[in-house]
Amino acid sequence: MPPPGSREENEKQDAARQAVDILHEISTILNCHLDRRTLSVCISMVENGVNPEALANVVQYLRKEAQKVNFAKKSVGQ
C-alpha cells in the first residue's frame, strides 16, 4: 500500500472520484435520486460483496417507508 499523500494514492483517489462522478451522472439521468454520498456508500457496499439487486430492493423499500412517514406527519399536522 502506498504511503498517504503519494502520487499513486492521489491517482487512486482521483480515479475513484471520477468513477463516482460518472455514476452520479448516470444516476441523475435515470432519476435515481441518489446524492454523491449515498451513491458512494452503495458502491462501497457492492464492492464489499453486497448483492446489488438486494441493495436496490432495500433502497426502494426504505424510500416507500419514508414516504409513508412523511405522509403521516403531514396528515397529523393538518
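Reader: In which helix does serine 27 lie?

Author: Helices are DSSP runs of H or I with at least four residues, numbered from the N terminus. Serine 27 lies in helix 1, which spans residues 7–29. This is a predicted model, in which local features need pLDDT of at least 70, side-chain atom pairs count only at pLDDT 80 or more, and totals for chains, interfaces and linings use all residues. Residues are numbered from 1 along each chain as its sequence is written, and side-chain values use heavy atoms, with hydrogens and water left out.

Reader: Is serine 27 buried or exposed?

Author: Buried means under 20% relative accessible area, with a 1.4 Å probe and protein chains only. Serine 27 has 5% and is therefore buried.

Reader: Which residues does serine 27 touch?

Author: Contact means heavy atoms within 4.5 Å. Leaving aside residues up to four places away in sequence, serine 27 touches Cys32, His33 and Leu34. By C-alpha atoms, serine 27 and glutamine 67 are separated by 20 Å, and they stand 40 residues apart along the chain.

Reader: Which residues lie nearest the centre of the largest pocket?

Author: On a 1 Å grid over the protein atoms alone, a pocket is an open set of points where a 1.4 Å probe fits, with protein on both sides within 12 Å along at least five of seven lines; lining residues have an atom within 4 Å of a point. Here 16 residues line the largest pocket, and Cys32, Leu34, Leu39, Cys42 and Ala56 lie nearest its centre. Helix 3 gives the most to this lining, with 6 residues.

Note on methods:
Helix = DSSP H or I, 4+ residues; strand = E, 2+ residues; numbered from the N terminus. Buried < 20%, exposed > 50% of the residue type's maximum accessible area, 1.4 Å probe, protein only.
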